[in-house]
Amino acid sequence: MPSTLAVLLVLGLGLSQRSSTQKQMLSKPAIWVRPSFMIPKGRPATIGCRGAGGAMEYQLHFEGGLSALERPKSRPVMNWVKFPIPAMTSHTAGQYRCSYRSGELWSELSDPLELVVTGLYDTPTLSVEPRSEVTSGENVTFRCQLATATSTFFLLKGGQSSRPQLRYGNLWAEFHLGPVTPAHRGTYRCFGSYNNHAWSFPSKPVKLLVKGDAGDTTFAPTEHTSSDYWDSYELTTGTQSQKDHFLWNHTVQNLIRLGLAVLVLVALMGLLLEDWLHRRKSGKRAHWVSRRRCGRRLRAQRALET
């Protein structure tokens with residue numbers, strides 16, 4: 001019996017240590033920004049960071065250094081915090097990451113979030129060659145020109161999935177597209193920049209119309225782009241599937257820990273019950289033996305008296 005109890009206790013200790021090790025594996029947080037990763041100079045923005053349930057504190061890192069600390073307003077209901085930027089400037093544009101603390105442990109840093117401030121230089125001019133209405137299969141060239149000498153140009157197409165294209169040049173740069181397909185249709189703008197996080201004002205929009213099949217003589221309509229699109233575009237570095245997977249892993253880990261704790265508790269209760277039954281059985285046997293001995297003594301005394 002003692003050896004069995006010792007084995008179960010060692011097993012429970014091992015499972016507890018394994019659970020403690022799992023707790024140290026905190027998932028990477030997700031980071032995002034609203035209303036856009038491109039923010040006009042002087043306009044506000046908000047950075048969000050989401051960690052695991054039960055996160056006690058969040059850190060925001062800017063360009064490799066600690067920038068701000070924040071705690072959830074109502075734990076454990078909320079597992080994310082907001083870091084406001086009152087007014088965007090060239091000093092607040094750059095790369096951001098975040099992390100969170102659960103107990104005494106800190107998570108690894110999130111994926112990087114690049115914030116850009118716009119409206120720092122002149123307004124560039126964007127043109128398209130050979131024309132803005134082309135047939136599928138043709139080649140198209142966008143030309144972005146800025147009066148003030150710069151080093152970098154960016155071209156962006158309207159749409160949540162678009163990412164800026166980069167070209168280098170002093171006063172102008174060309175962006176070659178083609179052979180184009182209907183997927184290239186849309187509204188384009190360009191920016192000039194002296195670094196990756198400080199951009200000029202946006203150019204006026206240029207719409208590219210692409211005709212589809214050879215038998216189609218009409219030009220397909222462009223996607224709708226609102227006038228304040230560049231102020232409402234949202235870029236997130238953690239996709240919804242990543243967030244769901246992150247939350248699922250945390251839930252599974254908690255269930256595993258709870259299950260292991262229940263198994264250890266049931267095993268200990270079983271041992272205690274078995275030990276109690278054994279003691280009770282041994283006590284009854286000892287009482288029965290004692291009564292038999294007393295009976296023998298009484299019969300022996302009566303025999304001597306007679």
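**Salt bridges, a hairpin and surface patches**

In this predicted model, the side chains of Lys28 and Asp111 meet in a salt bridge, with 3.1 Å from N to O.

User: Where in the chain do Lys28 and Asp111 sit?

Analyst: The pair links distant parts of the chain, 83 residues apart. Lys28 is in the loop between helix 1 (2–23) and strand 1 (30–34), and Asp111 is in the loop between strand 8 (105–106) and strand 9 (113–118).

User: How many salt bridges are there?

Analyst: The count comes to four salt bridges. Among them is the one between Glu57 and Arg101, at 3.2 Å from N to O. This pair also links distant parts of the chain, with Glu57 in strand 4 and Arg101 in strand 7 (residues 94–102).

User: Are Glu57 and Arg101 buried or exposed?

Analyst: Both Glu57 and Arg101 are buried.

User: Changing topic, how do strand 4 and strand 5 run?

Analyst: Strand 4 (residues 57–62) and strand 5 (residues 65–70) run antiparallel and are joined by five bridges. His61 stands opposite Leu66. The hairpin has two residues between the strands, and Glu63 takes a positive phi near 55 degrees there.

User: Why does Leu66 count as exposed?

Analyst: Leu66 counts as exposed because its relative accessibility is 52%, and the cut-off for exposed is over 50%. Together with Leu69 and Trp106, Leu66 makes a nonpolar surface patch of about 300 Å².

User: Which residues gather in the patch of positive charge?

Analyst: Arg292, Arg293, Arg296, Arg297, Arg299 and Arg302 gather in that surface patch. Of these, Arg293 lies in helix 3 (residues 240–305).

Conventions: Residues are numbered from 1 along each chain as its sequence is written. This is a predicted model: local features need pLDDT of at least 70, side-chain atom pairs count only at pLDDT 80 or more; totals for chains, interfaces and linings use all residues. Side-chain values use heavy atoms; hydrogens and water are left out. Patches are made of residues with over 30% relative accessible area and no salt bridge: like charges are joined within 9 Å, nonpolar side chains (Val, Leu, Ile, Met, Phe, Trp, Tyr) within 5 Å. Accessible areas come from the Shrake-Rupley method with a 1.4 Å probe; for residues, only the protein chains shown count as cover. Lys and Arg count as positive and Asp and Glu as negative; His and the chain ends are not counted. The place of a charge is taken as NZ of Lys, CZ of Arg, CG of Asp or CD of Glu. Helices (H or I, at least four residues) and strands (E, at least two) are DSSP runs, numbered from the N terminus. Two strands pair if DSSP finds at least two bridges between them. Buried means under 20% relative accessible area, exposed over 50%, partly exposed in between (1.4 Å probe, protein chains only).
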